[in-house]
Amino acid sequence: MKPLPSSLSKLKRALLTSAAVAGVAIALTPIAASAQGVLNIYNWSDYIAEDTIKNFEKETGIKVRYDTFDNNEILHAKLVAGKTGYDIVVPSSNWAAIQIAGGLLQKLDKSKIPNYKNLDPAIMGSMTKLDPGNAHIIPWLWGFTTVGINVDKVKAALGNLPMPTNPYDLVFDEKYISKVKSCGVSFLDSASEIVPTMLHYQGKYAYSRNAADYRDALPALQKIRPYVTLFSSSGYINDMAGGSICVALGWSGDINIARQRAIDAKNGNKIEALIPPGGGVPFFDTMAIPADASNVENAYKFINYILKPEVHASLSNKVFYANPNKESIKFVKKEVAENPSVFLKEADAKKLVAVDSVPNDIRRTITRIYTSFKTGL
Ligand code: SPD
């Protein structure tokens with residue numbers, strides 16, 4: 001091969017260095033479609049193992065383009081706009097219900113997913129409420145919205161005030177959040193996460209279809225707004241791990257990722273994902289094929305690959321969310337399988353709120369409440 005002119009090789013070196021510093025893999029050669037074609041995936045950030053895509057490409061010869069998002073609103077807006085260019089998307093089941101109703105997701109041909117048999121029938125049964133007949137979506141991983149803390153920093157910030165029994169008090173009760181503000185408080189940056197969690201805290205059904213149930217949510221959120229120091233749906237993981245925030249209203253697995261990163265960094269930050277004794281607000285994120293996907297056969301190959309027990313287990317091992325694959329448990333690391341904020345104990349699982357979707361008018365109410373809360377307008 002002819003050597004690159006020195007200006008170009010300098011540029012290449014600079015790009016490689018900055019990518020390495022940012023921890024990003026970049027390919028300088030354009031991605032050529034392989035003989036087996038391509039697959040375009042749009043998934044949540046921090047939601048896959050390092051080797052998941054690499055092994056799939058090796059096994060199938062399919063070339064994958066993998067992009068990420070960090071809240072349902074972003075994915076939904078793309079699907080509604082159409083022509084996403086994606087063949088696999090990963091909406092939460094309650095958003096998928098709206099997308100199914102809108103004809104945005106394909107009906108699945110299960111004969112193309114032999115590993116479908118590995119799915120836990122109890123989980124699949126619970127999903128029929130949002131996807132009758134399990135016709136369109138296949139669960140990827142599941143978890144719950146909860147509170148993560150930096151144990152020592154929170155204790156120090158609370159001073160004489162004992163830790164509340166209900167972890168949601170730390171973020172929703174002014175008495176507590178006003179204290180922990182000093183070490184940094186982060187909220188998920190998503191209307192559909194914050195408002196239902198507040199409703200649940202107020203003793204109402206998180207997915208209520210009754211507009212009156214939403215009346216007290218905004219005043220309660222406005223009260224605690226001055227103490228929220230960050231809105232983040234992905235960056236909070238590193239902020240927790242590094243100690244620049246001490247309380248996060250976030251997702252169970254993400255908080256466990258932060259815990260693991262702090263352990264790996266040996267920085268002394270003890271992070272814990274708390275389990276709400278009154279039940280958390282769960283979610284099921286699901287694989288689906290957009291109605292206008294171009295590489296449908298490859299999408300089926302990917303879904304079937306994820307449903308291999310050892311692949312599904314490797315996702316849980318890496319990102320600390322439970323998986324719906326009943327054959328995978330033997331491949332899940334002991335410390336992950338025994339972590340009660342990953343695979344919930346039966347008593348905690350029973351208390352989880354039932355996931356539901358809400359109609360458009362309620363969705364608009366939720367967005368209005370959240371925007372007003374976040375912006376103060
Ligand atoms: N880092 C990946 C987090 C995935 C969380 N999905 C949450 C959906 C909640 N409705």
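In helix α9, the residues Ala-191, Ser-192, Ile-194 and Val-195 touch Ile-366, Thr-367, Ile-369, Tyr-370 and Phe-373 of helix α17. Sorted by class, this contact of α9 with α17 holds 7 nonpolar and 2 polar residues, and no charged ones. Helix α9 covers residues 191-201 and helix α17 covers residues 360-375. Their axes are 9 Å apart and the packing angle is about 95°. Angles of 65 to 115 degrees count as roughly perpendicular, so α9 and α17 are roughly perpendicular to each other.

The model described here is predicted. The mean pLDDT of the chain is 92, and 91% of the residues reach 70 or more. Residues 1-30 stand apart from this description, with pLDDT under 50 throughout. For that stretch the model has 9 contacts beyond four places in sequence. Where pLDDT is low, predicted coordinates should not be read in detail.

Helix α9 has another partner, helix α10, which spans residues 217-224. The axes of α9 and α10 are 10 Å apart, and the two helices pack at an angle of about 105°. This angle therefore also makes α9 and α10 roughly perpendicular. From α9, the residues involved are Ile-194, Met-198 and Leu-199, while α10 supplies Ala-217, Ala-220 and Leu-221. The contact of α9 with α10 is made up of 6 nonpolar residues, with no polar and no charged ones. Ile-194 takes part in the contact with α10 and also in the contact with α17.

At the level of the whole chain, there is a division into two domains. Domain 1 consists of 38-142 + 284-345, and domain 2 consists of 144-282 + 357-375. The C-alpha centres of the two domains lie 26 Å apart. Where the domains meet, 23 residues of domain 1 are in contact with 24 residues of domain 2.

A further helix pair is formed by α2, residues 52-60, and α13, residues 296-306. Their axes come within 11 Å and cross at roughly 120°. Because of this angle, α2 is oblique to α13. The crossing of these two helices is right-handed. On the α2 side, Thr-52, Ile-53, Asn-55, Phe-56 and Glu-59 take part, and they meet Asn-298, Lys-301, Phe-302, Tyr-305 and Ile-306 of α13. By class, the residues of this contact are 5 nonpolar, 3 polar and 2 charged. Glu-59 in α2 and Lys-301 in α13 are among the residues that meet here.

Conventions: Residues are numbered from 1 along each chain as its sequence is written. This is a predicted model: local features need pLDDT of at least 70, side-chain atom pairs count only at pLDDT 80 or more; totals for chains, interfaces and linings use all residues. Side-chain values use heavy atoms; hydrogens and water are left out. pLDDT is the predictor's confidence in each residue, from 0 to 100. Contact means heavy atoms within 4.5 Å. Axes are lines fitted to C-alpha atoms, for helices over the stretch in contact, and angles run from 0 to 180 degrees between N-to-C directions. Helices (H or I, at least four residues) and strands (E, at least two) are DSSP runs, numbered from the N terminus. Angles under 35 degrees count as roughly parallel, over 145 as roughly antiparallel, 65 to 115 as roughly perpendicular and the rest as oblique. A crossing is left-handed if the near helix is turned anticlockwise from the far one by less than a right angle, and right-handed if clockwise. Ala, Val, Leu, Ile, Met, Phe, Trp, Tyr, Cys and Pro count as nonpolar, Asp, Glu, Lys and Arg as charged, and the others, Gly among them, as polar. Domain bounds come from an automatic or database domain assignment.
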